[in-house]
Amino acid sequence: MNRAILACLSLIVVAPASAQDAKPAEPVPLQLTARQDHKLMMEALGITSLREGANGMNRNAPNAANYDESKVAPFTLPDPLVCADGTKVTTPEQWWKTRRPEIVEVFDREVYGRVPKDTPDVKWEVTETNEEKVGDIPAITKRLVGHVDDSRCPGITVDIQLTLTTPAQAKGPVPVMMEFGFGGFGPRPGGPRTKGAMPRPADAPARKATPKAAFPGGIGGGGPSWQQQVLAKGWGCAIIVPNSIQADSGAGLTRGIIGLCNKGQPRKPDDWGSLRAWAWGASRALDYLETDKAVDAKQVGIEGLSRYGKAALVAMAYDPRFAIGFIGSSGEGGAKPHRRNFGELVENLTGSGEYHWMAGNFLKYGGPMTPADLPVDSHELIALCAPRPTFISYGASTGPGAEGQWVDQRGSFMAAVAAGPVYRLLGKKDLGTSDFPEVETPITSGELAFRQHKGGHTTGPNWPTFLTYADRYLKLQIAP
Ligand code: GCU
């Protein structure tokens with residue numbers, strides 16, 4: 001009997017009625033609460049206590065989030081161009097052969113977790129094709145489901161939801177921007193803008209999971225939707241539903257793609273967390289797009305906001321097939337330096353509400369160790385995107401309708417600056433400045449880009465600037 005079957009059998013909870021009936025029963029996924037799973041991980045790591053995260057809701061709390069630059073403790077980011085053995089990286093070859101894999105290994109082990117080597121196959125099915133108008137642009141929308149092979153643990157079904165909308169008049173394959181969408185299949189881009197046209201999965205995150213004090217700004221409205229803007233260029237747009245890949249909760253870690261690979265058992269400390277799983281799902285969607293004749297799969301970009309901004313950055317960093325990234329308000333766990341004590345902290349991500357985004361090992365840095373012990377920092381995640389164009393987007397930190405500073409706009413800018421040497425080594429242009437720009441001042445002359453719009457916690461107002469910048473990189477091969 002091979003080890004996989006043995007592992008499955010060890011999970012049988014209902015004994016067969018008699019020896020004759022004995023056939024391999026299906027493994028039953030463990031059902032834990034986030035707190036239980038979090039505690040198990042702490043035990044596995046030998047951690048007895050974790051430091052409290054920053055409080056973004058109450059300015060008078062003893063652990064109130066720091067929004068005062070003068071109180072930021074000095075920190076040093078690791079040099080992305082110095083290898084673990086101290087060798088200085090001076091050529092692109094050294095970067096690709098030695099340094100980049102070293103950085104990937106540390107992010108895998110300590111930060112986002114490893115994707116198992118043998119992830120199950122995904123079979124894509126087009127479940128619906130509709131002709132529709134997006135604004136006044138005739139378009140074709142396909143709804144797709146990526147069925148993940150569940151033979152290793154048939155109790156766990158993972159059906160990845162994806163929609164793809166391309167201009168009906170396209171004369172050939174088009175570039176596509178793919179977004180990590182909130183909730184389930186939403187209304188069609190061209191359809192009425194009603195909420196809840198399709199049921200949201202039970203495990204979908206609250207749309208506004210963010211403390212009000214942290215993000216007082218709303219989802220800025222008005223003007224054409226991002227899909228309209230993208231289609232108006234003759235490009236396509238796609239939405240992938242993260243929760244159909246992996247739940248946004250520690251309680252879901254024994255299910256979804258992570259649970260399926262673990263046959264319903266809890267994670268090992270270096271197993272992947274939800275961010276890496278969402279990014280994996282986006283890569284599987286890209287596999288599908290490579291087979292769709294309407295799509296120029298060499299020109300697919302990835303976009304997301306907030307936790308999905310983190311996921312978009314992880315997807316960009318790990319899958320070099322993504323041609324461009326639009327990283328919205330990714331904050332801690334995304335573009336914000338872990339080492340900077342401003343706004344949200346590592347300690348927020350190691351608590352039971354958010355730890356599932358990360359590898360279990362990440363908990364160590366909110367407990368016995370500190371963020372300064374992390375062998376990598378966010379600038380190196382940005383550097384993994386090099387030489388590809390990467391646009392770091394935020395709302396304003398202060399002012400009416402602003403996003404607030406929980407996400408640490410300035411720190412994220414500093415991380416982008418610190419990723420610059422890798423872009424330059426690979427022959428590309430970095431931000432070209434280390435001066436933190438004013439709101440609505442785009443830094444878009446190089447491959448690395450940064451802009452804060454005037455609004456709140458959304459990528460919305462940055463789409464026009466992003467698309468002008470993206471225009472330099474994504475091209476329609478055949479004019480419509
Ligand atoms: C919280 C969390 C952030 C996250 C955000 C979101 O504010 O602290 O890290 O990005 O939720 O995804 O909504």
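This is a predicted model: local features need pLDDT of at least 70, side-chain atom pairs count only at pLDDT 80 or more; totals for chains, interfaces and linings use all residues.
Are F391 and F466 buried or exposed? Both are buried.

**The chain as a whole**

The protein chain has eleven helices and nine strands. Of its 480 residues, 55% are buried. The chain exposes about 19900 Å². Carbon and sulfur atoms supply 54% of that area. Now take the contacts between residues at least 6 apart in sequence. Of these, 70% join residues at least 24 apart.

**Nonpolar cores**

In soluble globular proteins, nonpolar side chains tend to be buried together. Here, the largest nonpolar core holds 93 residues. Within this core, W95, F180 and I257 have the most contacts. Helix α6 gives the most to the core, with ten residues. What does I257 touch, leaving out residues up to four places away in sequence? The list is P120, V148, V158, I245, Q246, W272, A277 and W280. Another core, of 20 residues, lies apart from the largest one. Among its residues are W235, F391, A449 and Y469.

**Aromatic pairs**

A search of the whole structure finds 20 aromatic pairs. One of them joins W124 and Y288 and is tilted. Its ring centres are 5.9 Å apart, with 50° between the planes. W124 sits in strand β1 (residues 122–134), and Y288 sits in helix α6 (residues 274–289). Y288 has 9% relative accessibility, so it counts as buried: the cut-off is under 20%.

F391 and F466 form another pair. Their ring centres lie 5.6 Å apart. Their planes stand at 90°, so the pair is edge-to-face, a label that needs an angle over 60 degrees.

Ring pairs link W226, F326, F391, W463, F466, Y469 and Y473. F391 and Y469 are also among the residues of the 20-residue core.

**Charges over rings**

| Charged residue | Ring residue | Distance to ring centre |
|---|---|---|
| K233 | W235 | 5.0 Å |
| R340 | F342 | 4.7 Å |

Methods:
Residues are numbered from 1 along each chain as its sequence is written. Side-chain values use heavy atoms; hydrogens and water are left out. Rings of Phe, Tyr and Trp (its six-membered ring) pair if their centres lie within 6.5 Å; planes under 30 degrees apart count as stacked, over 60 as edge-to-face and the rest as tilted. Helices (H or I, at least four residues) and strands (E, at least two) are DSSP runs, numbered from the N terminus. Buried means under 20% relative accessible area, exposed over 50%, partly exposed in between (1.4 Å probe, protein chains only). A charge sits over a ring if NZ of Lys or CZ of Arg is within 6 Å of the ring centre and within 35 degrees of the ring normal. Contact means heavy atoms within 4.5 Å. Accessible areas come from the Shrake-Rupley method with a 1.4 Å probe; for residues, only the protein chains shown count as cover. A nonpolar core is a set of buried Ala, Val, Leu, Ile, Met, Phe, Trp, Tyr and Cys residues joined through side-chain atoms within 4.5 Å.
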